[in-house]
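Biologist: Hi! Could you walk me through this model?
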Amino acid sequence: MPFMKSKKHLSFSSLRNAFSSHLRQLPDDRQEGKVNYSIHDAMMCAFACMFFQDPSLLQFQKQLEDEQNLNNLKTLFDVHNIPENTQLRDIVDTIPSQEFRSIFKELFFRLQRGKHLEQYQFLPGLYLCPIDGTQYHISGEIYCESCLITNHTNGNTTYAHKVLQAAIMHPEMKQVIPLMPEEICNTDGTEKQDCETNAAKRLIPKIRKDHPQLGLIIVGDDLFSRQPLINTILNEGMHYILVVKETSHIAMFNERLGVIP
Ligand SMILES: [Zn+2]
């Protein structure tokens, strides 16, 4: 069946193998002899937790008390030794997120090669690429040096981690194709808090670097409709559809409405 053959590189086991072999190539700086669990197995467990959509890592671990679930995990995700909750977190924490850039690229190229990307074309040769920020950690107590810090008027402080996510979308397609997200976090030596706009200025050139030939229309909310970011988008040979609010683009709205200030 030629149809099945063309989709083979997108089957679960094929994608799992691609992810697996990528994880096996990750550098492991841990001291030999002190290592009980491989980076591969820890990362695969974390991935499986997301794949099965368990509400928490703890819940995921609990499911594994059941022999059948445990065997499923071992067979489906090629995991041999399963670390406990804390050990799993400790291992996952040591992997810089940038290490996953190439896996996003690899999966994207598989869609491209299999002609699956074409159906996402919005205009001839152009794909819609919305960008938006999302928060994945917030706490009043747990924090690290990269946390985004918010001092609230009531005197409370919250610590958060966010990412700016880009994805190829089409209004008639149910699935979206996520690209490698950009972390929004503070780095050493910067006094100013990182923000979505700065993350977008880093993300756009990275998307272009990963996909030099791809025709893209960046889509975003009012936050992004500012000259410096638009210049970044244009410099990378991309197009844009951005929301403009009346309150943030007063001169532009006045001009359109023919109001002389
Ligand atoms: Zn943090």
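Modeller: Happy to: domain bounds here come from an automatic or database domain assignment. That assignment gives domain 1 (2-95) and domain 2 (116-257). This is a predicted model, where local features need pLDDT of at least 70, side-chain atom pairs count only at pLDDT 80 or more, and totals for chains, interfaces and linings use all residues. Residues are numbered from 1 along each chain as its sequence is written.

Biologist: What separates the centres of domain 1 and domain 2?
Modeller: Taken over C-alpha atoms, 29 Å lie between the two centres.

Biologist: And how many helices and strands does the chain have?
Modeller: There are 10 helices and 8 strands, which are DSSP runs numbered from the N terminus (helices H or I, at least four residues; strands E, at least two).

Biologist: Switching topic, how do the axes of helix 8 and helix 9 cross?
Modeller: Helix 8 (residues 196-210) and helix 9 (residues 227-235) have axes that come within 9 Å and cross at roughly 10 degrees. The axes are lines fitted to C-alpha atoms over the stretch in contact, with angles running from 0 to 180 degrees between N-to-C directions. The two helices are therefore roughly parallel, a term for angles under 35 degrees.

Biologist: Which residues make the contact?
Modeller: Helix 8 brings Thr197, Ala200, Lys201 and Ile204, and helix 9 brings Leu229, Thr232 and Ile233; contact means C-beta atoms, placed from the backbone, within 7 Å.

Biologist: Where does Ser102 lie?
Modeller: Ser102 is in helix 7 (residues 101-113). The C-alpha atoms of Ser102 and Ile168 are 17 Å apart.

Technical notes
Angles under 35 degrees count as roughly parallel, over 145 as roughly antiparallel, 65 to 115 as roughly perpendicular and the rest as oblique. Two residues are in contact if their C-beta atoms, placed from the backbone, lie within 7 Å.
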